[in-house]
Amino acid sequence: MDITSKHIFILLFSLTTSLLAQEKYTLSGTVTDIQSNETLISANIIVQDLLTGTTTNEYGFYSITLPKGIYEIQVSYIGFQTIIKTIDLNSNISLDFKLAESSMNLDEVVIETDVETLNLRSPQMSINKLSIKTVKQIPVVLGEADIIKSIILLPGVTSAGEGASGFNVRGGAVDQNLILLDEATIFNSSHLFGLFSVFNPDAIKDLKLYKGGIPAKYGGRISSVLDIYQKEGNSNEFHLNGGIGLVSSRLLAEGPIKKQKGSFLFGGRSSYIHLLLPMFDIDNKAYFYDLNTKLSYKINKNNNIYLSGYFGRDVFEIADSFENTYGNSVLNFRWNHLFSDKLFSNLSLIYSDYDYNLKLNFVDFYWNSGIKNFNIKYDFKHYISTKFNLFYGLNSIYYKFNPGQIEPTSSSSGINPFKLTDKYALENAVYIDVEHQLSNKVAINYGLRLSSFLRLGQNELNIYENDNPVVFNEDLQIYEKAEPLGTNSFKRNDVIKSFFNFEPRFSIAYQLNNYSSIKASYNRMSQYLHLLSNTSSPTPLDVWTPSGKYVKPQLLDQFAIGYFKSIDDDAYSLEIESFYKTIKNRIDYIDGADLIANNAIEQVILNGEARAYGIELLFKKNEGKLKGWLAYTLSKSEQQTKGRTPIENGINNGQWYKTPYDKTHDISLTGSYALNEKWTFNANLLFQTGQPSTFPNGQYQYNGISIPTYESRNSSRLPNYHRLDISGIYTPKKLQSKLGKTEWVFSIYNIYNRKNAASISFRENRNSGNNEAIRLAIFGIIPSVSYNFKF
């Protein structure tokens with residue numbers, strides 16, 4: 001080795017030794033709102049000198065490890081003033097930041113994706129976040145701010161139409177969305193059969209929608225995760241806020257239990273239009289109410305506890321003959337513990353319940369069904385360095401399914417009591433996720449979730465020949481129910497059937513330059529619960545059933561790739577994503593399947609497969625008086641159920657057919673214009689391809705009765721759906737003070753009175769004898785006004 005090579009070797013060795021020996025220290029703490037002491041989720045902590053940084057977690061905690069030195073730290077959060085602080089990092093430092101709200105309202109009316117500004121370096125993709133202030137400004141039916149209706153304006157998200165429950169993501173079904181409120185599962189997200197969502201916007205702090213690249217800590221559903229967190233409550237001072245609308249009102253109170261240490265939040269919301277119906281001699285009722293509550297307490301620097309709950313009910317009555325009630329109940333206790341400045345943990349004990357009741361007084365009939373679960377989960381976040389972080393945890397969920405129970409309501413009733421067999425299951429999972437910054441241009445996230453599902457013992461389980469509950473009639477060329485050979489009974493701790501699945505997750509980002517990047521992701525997910533519904537939009541009467549001996553879990557593989565660009569220093573941003581996903585064991589139903597009060601649901605179910613693919617575009621204007629976004633999705637969603645043997649024809653002759661949630665084109669344009677300090681105007685324009693439907697294509701006579709024949713499944717469509725909504729928000733300047741704020745919201749839903757079809761039915765005209773199509777439209781033009789206040 002010559003002397004030049006020796007010098008180079010010594011120099012490299014010295015540099016390596018110096019870097020390894022370089023002292024590093026950790027800066028950690030929380031970021032809160034200075035006025036309410038509410039923690040801020042996904043606040044940015046940027047180290048400008050090193051062009052690196054981190055964000056706060058779901059509880060406002062951050063941790064970042066840096067070499068010893070003097071740094072300029074920038075802390076920012078959308079709608080709040082940015083803090084820049086110089087620190088001398090010569091030891092581990094615990095430092096909390098308190099941010100003040102910005103007086104510029106213009107910064108509050110934007111859609112947020114990954115903490116409002118496009119994080120080009122992060123591999124996280126297919127995620128959208130909406131601020132609650134944005135949600136409250138989007139015009140919706142009857143003027144009630146609605147989280148579910150708002151996310152439908154995002155790319156890749158649709159619904160079955162007006163008055164429809166839930167939402168569909170990337171061609172998936174409603175039951176394939178995991179909806180979490182403070183980590184508790186919400187099984188029905190709608191009030192009044194889809195007119196409103198169950199989430200009171202005044203009680204919500206943060207929401208994120210994951211459509212792909214879903215982290216390993218989430219599981220149990222295969223299309224999306226809607227993760228919503230409630231506010232903790234103001235621990236500095238008491239506040240009261242609410243709103244009065246045409247059909248509903250809400251009120252929320254928050255304040256300190258002990259100043260700077262504990263807080264409470266109680267919120268209520270109710271509709272009251274039913275109180276006016278007797279004035280018009282209408283003896284019907286339709287109303288909802290819900291309650292939100294949360295207690296938070298900081299025991300010491302390393303320990304915080306939270307107790308949160310939600311209770312909601314819907315009531316629908318027709319005179320004295322029909323009564324329908326249903327709703328969600330959740331309760332969650334959480335304990336945050338900081339083991340060190342690098343290791344954060346959260347333990348959650350969760351109870352969730354959804355029940356449905358139906359009472360028919362004219363036949364003395366009462367029906368009850370529901371699902372309960374008890375969930376324990378323990379999550380850890382290990383902030384190892386600025387380039388490497390670990391997230392790991394475990395959870396276990398115990399389910400009890402009540403498929404239905406029929407009881408007579410009087411001794412004279414001809415109804416016999418009947419109880420469908422209760423079902424039980426245990427779902428377990430362990431996971432690990434890694435955030436890894438490989439270089440200044442390349443970052444990856446990778447993880448693995450190992451899930452298991454145990455179908456536990458029940459009183460009776462049917463036995464079938466060759467374990468086949470559905471048989472094929474070769475003569476009629478139709479599927480029929482198999483006759484059970486008998487039943488088996490099990491003890492509660494017996495395992496009838498078990499499933500185990502590996503669910504890898506991976507995403508990568510490559511930063512092309514300071515303003516653009518490309519990202520790609522893959523995730524596999526398993527779903528062990530199924531919503532039994534043969535309608536395009538779920539109804540409260542639909543029943544959840546677990547995987548088991550005759551029902552297989554759904555398995556998803558999804559790939560996505562995207563291009564992300566920040567334009568003019570993030571004054572504008574562009575996201576383009578393409579996705580492709582396949583689903584195994586998607587439930588399909590034989591023709592004429594009866595799902596209600598069916599104690600052998602396996603007799604009408606076949607397992608098929610599904611696929612969906614498409615392109616999503618989101619263009620946003622983030623600055624100026626005019627802000628908003630354009631979202632467009634071009635996609636296709638299909639399902640196929642082949643015959644199990646060569647002699648079986650399958651569903652739809654084994655051919656691919658459109659799912660009920662296939663929407664070829666989905667366009668939404670949303671804008672907000674701040675005219676001055678008093679007036680802000682908002683509008684959104686929607687267009688969706690009509691929903692797939694199956695129409696009759698002919699008829700024949702049988703004993704003098706006309707019998708219709710039908711085309712291939714879902715081969716036609718309802719007319720295209722479109723509407724324009726507008727709203728104006730008036731803030732009286734004279735009434736604004738430190739004591740309180742008020743505003744008036746004026747809105748017009750469907751301003752050009754489009755009669756969008758919810759369904760099309762066919763009948764014979766009694767006068768002419770000809771067949772005719774009848775289009776049912778739920779809403780036309782609907783003006784509304786509401787008054788909001790905060791004291």
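A charge is taken to sit over a ring if NZ of Lys or CZ of Arg is within 6 Å of the ring centre and within 35 degrees of the ring normal. In this predicted model, local features need pLDDT of at least 70 and side-chain atom pairs count only at pLDDT 80 or more, while totals for chains, interfaces and linings use all residues. Residues are numbered from 1 along each chain as its sequence is written, and side-chain values use heavy atoms, with hydrogens and water left out.

With that criterion in hand, R611 places its charged end over the ring of W656, 3.8 Å from the ring centre. K519 lies over the face of F564, at 4.7 Å from the centre of that ring.

Next come the contacts between rings. A pair of aromatic rings is described by the distance of the centres and the angle of the planes. Rings of Phe, Tyr and Trp (its six-membered ring) pair if their centres lie within 6.5 Å; planes under 30 degrees apart count as stacked, over 60 as edge-to-face and the rest as tilted. Strands here are DSSP runs (E, at least two residues), numbered from the N terminus. Both F196 and F288 are buried, a term that means under 20% relative accessible area, with exposed over 50% and partly exposed in between (1.4 Å probe, protein chains only).

F695 and F762 form an edge-to-face pair, 5.3 Å centre to centre with 65 degrees between the planes. Here 67 residues separate F695, in the loop between β46 (692-693) and β47 (696-702), from F762 in strand β52 (residues 757-764). F695 counts as buried because its relative accessible area is 14%, whereas F762 is partly exposed because its value is 39%. Elsewhere, ring pairs link W679, F681, Y730, W744, F746, Y787, F789 and F791 into a cluster.

Finally, strand β10 (residues 127-130) is covered on both faces, with I127 and K129 buried on one side and N128 and L130 buried on the other. Three bridges join β10 to strand β17 (residues 204-210) in an antiparallel arrangement; two strands pair if DSSP finds at least two bridges between them. K129 has K208 as its bridge partner in β17.

How values were computed: Helices (H or I, at least four residues) and strands (E, at least two) are DSSP runs, numbered from the N terminus.
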